[in-house]
Amino acid sequence: MVEWTDFERATIQSIFSKMDYDDVGPAALSRCLVVYPWTQRYFGNFGNLYNAAAIQGNPMVAAHGKTVLRGLDRAVKNMDDIKATYAELSVLHSEKLRVDPDNFRLLADCLTIVVAARMGADFTADVQGAFQKFLAVVVSSLGRQYH
Amino acid sequence: MQANHTCAVRPSRHSTSTHSTSATGYNMLTDHEKELIAKIWDKMIPVASEIGAECLLRMMTTFPGTKTYFAHLDIRPRSPHLRSHGKKIVLAIAECSKDISSMMVTLAPLQTLHAYKLRIDPCNFKLLCHCILVTLAAHMGDEFDPVAHAAMDKYLSAFAAVLAEKYR
């Protein structure tokens with residue numbers, strides 16, 4: 001089981017409680033599709049992903065970004081059992097969606113950068129450490145059911 | 001990534017761009033991206049110690065394994081060692097960004113240093129690169145948009161790859 005310090009718990013709850021999921025979700029996903037264009041392979045039916053402007057303006061990308069962040073919220077609310085929380089989603093991503101699990105890490109990195117840009121100096125090294133530890137657990141849990 | 005005549009050279013993505021005899025053997029970056037990168041690093045030069053120290057501190061906090069390379073330094077926040085070491089790194093990256101096509105030449109001494117003396121496992125380079133991106137985002141906010149992020153990520157990946165070139 002993952003051990004969380006009081007600081008880590010408080011930091012995660014604080015960041016996500018202040019976060020606008022409908023802003024950050026689309027920003028993180030669209031950034032991922034721009035910075036790591038090979039991730040677009042999973043979004044063939046999303047329409048125009050031709051360039052950065054198209055991606056950032058694409059409504060299907062935005063909608064999916066919101067879905068992803070709301071999914072992340074489940075881990076925020078269940079920090080002591082993230083593995084179980086994501087067991088089904090992991091199977092879904094592995095067997096149905098067939099997403100390379102390395103993509104979870106890429107999206108997590110983009111989310112970190114979006115949050116850093118929003119929080120500025122408040123995203124200190126310690127806050128980053130806690131945030132990335134949380135995302136590392138999420139990423140690991142999502143990759144858990146791949147066989 | 002040396003200029004290698006046997007591998008297919010990717011066509012340049014910019015009609016008026018730098019030719020494909022760039023040091024890295026192919027052109028990952030358009031002229032616009034190179035300008036963007038140089039402009040960002042130019043602004044970091046006057047605050048190199050502050051930015052550099054922050055990048056290192058972020059890396060060592062988020063990825064504690066990287067601390068193993070700094071047993072000889074005081075790596076507490078605000079330590080003068082962190083600032084002077086961070087400054088060296090930022091200045092090297094900034095200097096190189098002024099002429100990205102000559103990366104192989106500019107970085108030759110640092111390649112030797114890292115390969116024969118420092119011997120930092122190259123997997124750590126991407127950890128520092130990520131923390132550099134986070135630092136830039138925290139300082140630049142919205143200005144560090146996806147296009148700037150993509151360009152910078154490509155530049156730092158190329159820098160890291162060139163740095164590791166002489167390892168074996």
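Guide: Happy to. Let's begin with one term: contact means heavy atoms within 4.5 Å. Keep in mind too that this is a predicted model.

Visitor: Let me try that term on a residue. With neighbours within four places in sequence left aside, what is B:H130 in contact with?

Guide: From chain A, the partners are A:D109, A:T112, A:I113, A:Q128 and A:Q132. Chain B supplies B:F63.

Visitor: Where does B:H130 lie in chain B?

Guide: Look in helix α6, which covers residues 123-140.

Visitor: Which residues of chain A lose the most area to chain B?

Guide: Those are A:R31, A:I113 and A:Q128, together 32% of what the chain A side buries.

Visitor: Now the chains themselves. How many helices and strands does chain A have?

Guide: Chain A comes to 8 helices and 0 strands. Chain B also reads as helices, with 7 of them and 0 strands.

Visitor: How does the radius of gyration of chain A fit a compact globule?

Guide: The idea is to set the value against what the chain length would give. For 147 residues, a compact globule would come out near 15 Å, and chain A has 15 Å, so the two agree. For the extents, the C-alpha trace spans about 45 × 40 × 20 Å along its principal axes.

Visitor: And what share of the residues is buried in chain A?

Guide: Buried residues make up 50% of the 147 in chain A. For chain B, the figure is 46% of 168 residues.

Visitor: What do the contacts say about separation along the sequence in chain A?

Guide: Take the contacts between residues at least 6 apart: in chain A, 74% of these join residues at least 24 apart. Counted that way, chain B gives 70%.

Visitor: How about charge in chain A?

Guide: You'll find 15 positive and 16 negative side chains, and the centres of the two sets lie 6 Å apart.

Visitor: Could we try one more residue in chain B? Where is B:L110?

Guide: B:L110 sits in helix α5, residues 108-118. With 26% relative accessibility, B:L110 counts as partly exposed. Leaving out neighbours within four places in sequence, B:L110 is in contact with B:A92 and B:L163.

Visitor: To finish, is A:A53 buried or exposed?

Guide: The cut-off for exposed is over 50%. A:A53 has a relative accessible area of 59%, so this residue is exposed. You'll find A:A53 in helix α3, residues 52-57. From A:A53 to A:S140, C-alpha to C-alpha, is 31 Å in space, and the pair is 87 residues apart in sequence.

Conventions:
Residues numbered from 1 in each chain as written. Chains lettered and ligands numbered in written order. Predicted model: local features only at pLDDT ≥ 70, side-chain atom pairs only at ≥ 80, totals over all residues. Heavy atoms only, no water. Helix = DSSP H or I, 4+ residues; strand = E, 2+ residues; numbered from the N terminus. Rg over C-alpha atoms; globule rule 2.2 N^0.38 Å. Buried < 20%, exposed > 50% of the residue type's maximum accessible area, 1.4 Å probe, protein only. Lys, Arg positive; Asp, Glu negative; His and termini not counted. Charge placed at Lys NZ, Arg CZ, Asp CG, Glu CD. Buried area = accessible area lost by both parts, 1.4 Å probe.
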